[in-house]
Amino acid sequence: MRSLVLASSVGTVIEWYDFFLYGSLAIFFARLFYPPGDDVAATLISVATFATGFAVRPLGSLIFGYMGDSVGRKTTFLITLLIMGCSTAAIGLLPTFATAGYVAPVLLILLRIVQGLALGGEYGGAATYVAEHSPPGERGKWASYIQAMASGGFVLSLGMVLILRVWLGEDAFGTWGWRIPFLVSFVLVAVSLRIRLRISESPVFVEMHKQGKLSKSPVRDAFRIPGNARRILLFLFGVACAQAVTFYTAQFYALYYIQTFMKVPFLPATLSVAVGAFLGVPFFVLFGALSDRIGRKRLSLVGMAAAVLLYIPIFSIIRHAIAPENTSYATISACVFALVFIAAAVYGPYGAFIVESFPANVRYTSISVPYHIGNGIFGGFLPLVSLWLVTETGNPYAGLLYPMGLCLIGFFVTLFWVPETLNVRKGERTRIVSLSHEGIGEG
């Protein structure tokens, strides 16, 4: 399991690094790829470009979900890795607005779309692959590494940008140095591809193939199998939307808020967020393992409730920690850690929770649809919507109404309509029946 999870996680962290790299530089890219003059408008447009990559993720989930359920888990996430790596490296070769005018942002948006399509197939493949190899009693622990790698990719992208800006200096980085972290993707993808080529196909997929139980039309069947469409919708508006907004509040909204509205310079702002996010990474695995003992649903509900109750106090502490003469960057890092801790409570158990909720023959598709609609729409547009709310109202906490509202909805949907998937009572009918039918069942 360690070797298998390592092989899956390395590719996952690189794909998230690729996807989040633009997010780490979105404020910086506002002056490189968009017309000069109105800094606030350029920032919002640049953040909107960031959201574009998220908006197409649901489409990517359908395309690659179909491939994952019909061709195989391994083959599909090898393809997504290649597409993501090539599109990320291509961003490092783009002309800027000063060189190519409006052609530059158009090309940037097109490459973000390609990235989003590729990422639409990554999570479903990696989570399904790891969970289908995991022993039932440890599925939460092993699957949680895939969630941790999403945060790891964010930290890696911030770290790469920080090192280069300090090493090269602002002038060199602004002129040509910003291209390096994108071009490095060529090397990272080559390494990851070599590792992933050595792993075998999921045993569940192999078993279904032998028994002729593969779905011929996974997208159609995902919505036609009795009760499955309802499960997809409930998981989307329950756990998935809350997972998305807690994760992106902790990572990107906190970073953009500190830089844009609190006017903290790039270097200390990014370093403070990176430290807090890095310290929070192990808790995704901790909460995943804990869910093997106390349940997926209970931990998810605790994380949602914490977001509703604690977001405003945490951001209030951030505001009071920032002063022109004596800003407490340690306090900012501690607050970001608290935000990541809340996200980990929802996201840590998520992999096992969602895999256990759907039948194996349409699992890749069924997982990918709620995950990427939740993250692509609810999560991807969070920085843009929240920053816009603060700009329009002048209230520094107005942007938090969006994630808090979705967590409140997610809490009640999960509480009343999303069933626990751990330790199904003996004799109770379960959707996870056996290796041959469902793949990872409790019997």
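**Figure 1. The largest nonpolar core has 133 residues.** This close-up comes from a predicted model. The residues with the most contacts inside the core are Trp16, Phe20, Phe29, Phe33, Tyr347 and Tyr350. Helix α14, residues 228-260, gives the most to this core. Its share is 19 residues. A second core is separate and has five residues. Val204, Met208, Leu214 and Ala360 are among them.

**Figure 2. Tryptophan 16 and its contacts.** Which residues is tryptophan 16 in contact with, leaving aside its neighbours within four places in sequence? They are Arg57, Leu119, Met149, Ala150, Gly153, Tyr248, Tyr347 and Tyr371. Two of these names deserve a second look. Tyr347 is listed, like Trp16, with the residues that have the most contacts inside the largest nonpolar core.

**Figure 3. Phenylalanine 20 and phenylalanine 154 form an edge-to-face pair.** The count of aromatic pairs in the model comes to 42. In this one, the ring centres are 6.1 Å apart. The planes meet at 85°, over the 60 degrees needed, so the pair is edge-to-face. Phenylalanine 20 lies in helix α1, residues 2-24, and phenylalanine 154 lies in helix α8, residues 139-168. The pair therefore ties together parts that are 134 residues apart in sequence.

**Figure 4. Phenylalanine 235 pairs with tyrosine 350.** This aromatic pair is edge-to-face too. The distance is 5.6 Å centre to centre, with 75° between the planes. Phenylalanine 235 sits in helix α14. Tyrosine 350 sits in helix α19, residues 350-355. Parts that are 115 residues apart in sequence are therefore tied together by the pair. Both phenylalanine 235 and tyrosine 350 are buried.

**Figure 5. Two arginines lie over the faces of aromatic rings.** Arginine 165 lies over phenylalanine 266, at 3.6 Å from the ring centre. Arginine 319 lies over tyrosine 397, at 5.9 Å from the ring centre.

**Figure 6. Helix α20 is largely enclosed by the rest of the structure.** How many of its 17 residues are buried? The count is 15, so the helix is largely enclosed.

**Figure 7. Serine 333 in helix α18.** The helix runs over residues 329-347. Serine 333 has a relative accessible area of 11%, under the 20% cut-off, so it is buried. Leaving aside neighbours within four places in sequence, serine 333 is in contact with Ser272, Val275 and Gly276.

**Figure 8. Alanine 90 and serine 185.** Alanine 90 has its place in helix α5, residues 73-91. Its relative accessibility is 23%, so alanine 90 counts as partly exposed. Along the chain, alanine 90 and serine 185 are 95 residues apart. Their C-alpha atoms are separated by 9.5 Å.

**Figure 9. The span annotated in UniProt, residues 4-422.** An unreviewed UniProt entry places the feature "domain: Major facilitator superfamily (MFS) profile" here. The span is 81% helix and 0% strand. Its end C-alpha atoms lie 23 Å apart.

Definitions and conventions. Residues are numbered from 1 along each chain as its sequence is written. This is a predicted model: local features need pLDDT of at least 70, side-chain atom pairs count only at pLDDT 80 or more; totals for chains, interfaces and linings use all residues. Side-chain values use heavy atoms; hydrogens and water are left out. Buried means under 20% relative accessible area, exposed over 50%, partly exposed in between (1.4 Å probe, protein chains only). Helices (H or I, at least four residues) and strands (E, at least two) are DSSP runs, numbered from the N terminus. A nonpolar core is a set of buried Ala, Val, Leu, Ile, Met, Phe, Trp, Tyr and Cys residues joined through side-chain atoms within 4.5 Å. Contact means heavy atoms within 4.5 Å. Rings of Phe, Tyr and Trp (its six-membered ring) pair if their centres lie within 6.5 Å; planes under 30 degrees apart count as stacked, over 60 as edge-to-face and the rest as tilted. A charge sits over a ring if NZ of Lys or CZ of Arg is within 6 Å of the ring centre and within 35 degrees of the ring normal. UniProt positions are given in the numbering used here, feature names are shortened, and annotations may be inferred rather than shown by experiment.
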